Amino acid sequence: MAVIRDVMAAFELFQPTSVADAQKLLEQHGPDVWVLAGGLDSFDWLKDRIKKPKVVVDLSGIGELRGVRTLGNDGGDGIEIGAMTTLTEVVNHPIIKQKYDLLAQAAELVASPQIRNQGTIGGNVSQDTRCWYYRSGWPCYRAGGNICYADAPEGRNREHAILQADRCVAVNPSDSAPALIALDAKFVIRTRKGERVVDAEDYFVGPDIDITRLHILQPGDLLTAIRIPSTWAGAQFYFEKIRDRNVWDFPLMNVASAMVTSGDGSPGDGSARTIDRIRISVNAAAARPLRLKAVEDAVRGKPRNVATGEMAGKLAVQGAVPLQFNTYKIPLMRNLVKRAIVGAGSATEEATWAS
Amino acid sequence: MTDKLKSEAIQNVPQEGVLKSVSRRNFIKGVISSGVAVSSASYLFRASSLLHGQQPAAGVGERLITLNVNGQQRRVDVMKQETLAWTLRYKLGLTGTKLGCDRAECGSCSVLIDDIPHYSCSVLTHTVRGRKVLTIEGLAAEDGTLHPVQQGVIDEQGFQCAFCMPGFIMTAVGFLKTNPNPTRLQLAHGISGNLCRCQDYDKILTALMRGAENMRRSSLG
């Protein structure tokens, strides 16, 4: 990483106080604009001079982008989280904790307390990849060049993709993204043509669609809110994040599932409840958080036991192509998917810590 | 050497005594407030070939804004791209806030903004207008009584080189506002965004736990 210990390169800074003003600024300056949310991903790019925007639009002064609202009577239709709501606010929100705890668990495992205090939910799902070749300014595919350094013979690719790679092998590092996919969240985007609402899994794109970005936002677009329907409120949730250190690290892989079961029994003693409904998502395995639809279809109606979990794990990694240093990600993903269905005995220890 | 001789020896080096009374910290602060730092800062900019040539571009200009730092209204010229850590250290002379990585990784620049710990290296100064910034310099009471967490750190001698100390203390103070009675594990989690290169974590935790205890006691008394 190019480490330059001084201030960032100069840019023009705008601090709008309404979404309408922000949109006008984005339209006015087009592709020159850098949209600043919490800034924790952004400042790396700007300090290292890898990205050199002329104009920065800071969203932190827009009150309407912040906070959690209930939808419908008493939150009967779910909740809407403003894109600039901080991760700490998400973690501590009583309704999210009570009904959509999957998201609280995921958000609590993001980075460090200071980063959660400043980093936003919109920024967390829109952050760029951690591939160090790309972040160091190497002219790779993602940066508009015609080579992938991570996938070259000498490339270091322990953290990279095992699925859906297409020239670029970078992965999406978001922890909240798979939780939002499992909760069937909808992303609200303001575009020039008006408001557009997309399913969480459709917000993200792989290199086959667009190799230069991880999400569908085009210049001028603004992610304003994330809606979580009540469909999965209070379901059984599982979130697990694997990383090199227990705190303050990006995921090597993470998994999120939401499940509704019926009947009696427990996975331990051979009897089992039946899986009625399930959504499951894995991130840091590909350039986009993957919704494992084939797994969902295969386990629906099956007993929630070890055999089903193992079958799901094998199915999840079908078609995986490891690189030189990330073969471990295949058994890792197999086991995570299994645990997301059967449970790991108890939830991750960290998730129960108060922050 | 007897005690008497010792004291004579000390008295016999008045020059050294004078020098000692000017601490490094106060010297730096003096330099900054006297305006020398402004020229040294522009010297730094000139030294960077990457910044050189960008100076005339739009947006480089500083703007005079008012910041609430440690309970005082401070008027300061701030560039659009300037981080809070930079402003605090090089414009306001508050060098207690350290710059370690400058990449939101090490936590030594941690300050409280509206009571919440932030990495000041990763906050644009223009975004804290109208908000309350608290640095390590503003933690002690006006009469000089140390904050209970600072006292805990001294009592337990929690740090080795202590470069990371202001960041740890500010983060702990912010965390303890939300959880005044944490377990050791919870406090460890609360300060997990701060790194200590001396690997002194065990003693740091002991010291900050003592600080938490001091805080609870002082709020009771």
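The turns below ask how terms apply to this predicted model and answer from its values.

User: What kind of model is this, and how are its parts numbered?

Analyst: Residues count from 1 along each chain as its sequence is written, while chains are lettered from A and ligands numbered from 1 in the order in which they are written. The model is predicted: local features need pLDDT of at least 70, side-chain atom pairs count only at pLDDT 80 or more, and totals for chains, interfaces and linings use all residues.

User: What is the confidence in chain A?

Analyst: The scale is pLDDT, the predictor's confidence in each residue, from 0 to 100. Chain A has a mean of 93. In chain A, 94% of the residues reach 70 or more.

User: Where in chain A does pLDDT stay under 50?

Analyst: Over residues 346-355. The model has 18 contacts there beyond four places in sequence. A contact means that the C-beta atoms of two residues, placed from the backbone, lie within 7 Å. Where pLDDT is low, predicted coordinates should not be read in detail.

User: What makes α7(B) and α9(B) oblique?

Analyst: First, the elements: helices (H or I, at least four residues) and strands (E, at least two) are DSSP runs, numbered from the N terminus. Helix α7 of chain B spans residues 165-178, and helix α9 of chain B spans 201-220. They pack at about 45°, with axes 11 Å apart. Axes are lines fitted to C-alpha atoms, for helices over the stretch in contact, and angles run from 0 to 180 degrees between N-to-C directions. Under 35 degrees counts as roughly parallel, over 145 as roughly antiparallel, 65 to 115 as roughly perpendicular, and the rest as oblique. So α7(B) and α9(B) are oblique to each other.

User: What is the handedness of the crossing of α7(B) and α9(B)?

Analyst: α7(B) passes α9(B) in a right-handed crossing.

User: Which residues of α7(B) and α9(B) meet, and how do they divide by class?

Analyst: Phe168(B), Ala172(B) and Leu176(B) of α7(B) meet residues of α9(B) including Leu208(B) and Gly211(B). Ala, Val, Leu, Ile, Met, Phe, Trp, Tyr, Cys and Pro count as nonpolar; Asp, Glu, Lys and Arg as charged; the others, Gly among them, as polar.

User: Why is α6(B) called oblique to α7(B)?

Analyst: Helix α6 of chain B (residues 148-156) packs on α7(B) at about 130°, with axes 10 Å apart. That angle makes α6(B) oblique to α7(B). The crossing of α6(B) past α7(B) is right-handed. Val149(B), Gln150(B) and Val153(B) in α6(B) meet residues of α7(B), among them Ile169(B) and Val173(B).

User: What makes α6(B) oblique to α9(B)?

Analyst: The angle is about 135°, and the axes are 7 Å apart. Hence α6(B) is oblique to α9(B). α6(B) passes α9(B) in a right-handed crossing. By class, this contact has 6 nonpolar, 6 polar and 4 charged residues.

User: How do you know that β6(A) and β8(A) pair?

Analyst: Two strands pair if DSSP finds at least two bridges between them. Strand β6 (residues 186-191) and strand β8 (residues 222-228) of chain A share 5 bridges in the antiparallel sense. Arg190(A) has Leu222(A) as its bridge partner. Lys186(A) has Arg227(A).

User: What joins β6(A) to β7(A)?

Analyst: A hairpin does, through 2 residues. These strands pair in the antiparallel sense over 6 bridges. Phe187(A) stands opposite Val198(A) in β7(A).

User: What makes β4 and β7 of chain A edge strands?

Analyst: Their sheet is open, with 5 strands in the order β4-β5-β8-β6-β7 and antiparallel pairing. β4 (68-70) and β7 (194-199) each pair on one side only. Neighbouring strands are turned by 25° against each other on average, direction ignored.

User: Which strands are the edges of the open sheet of 4 strands in chain A?

Analyst: The order is β9-β10-β11-β12, with antiparallel pairing. The edges are β9 (236-242) and β12 (290-291), each pairing on one side only. β9(A) pairs with β10 (residues 253-262) over 7 bridges. Gln236(A) has Met259(A) as its bridge partner. Helix α5 of chain A (residues 101-108) packs on this sheet, touching β9 and β10, at about 15° to β9(A). Helix α13 of chain A (residues 329-342) lies across β9, β10 and β11 (274-283), running at about 25° to β10(A).

Definitions and conventions
Left-handed = near helix turned anticlockwise from the far one by under 90°.
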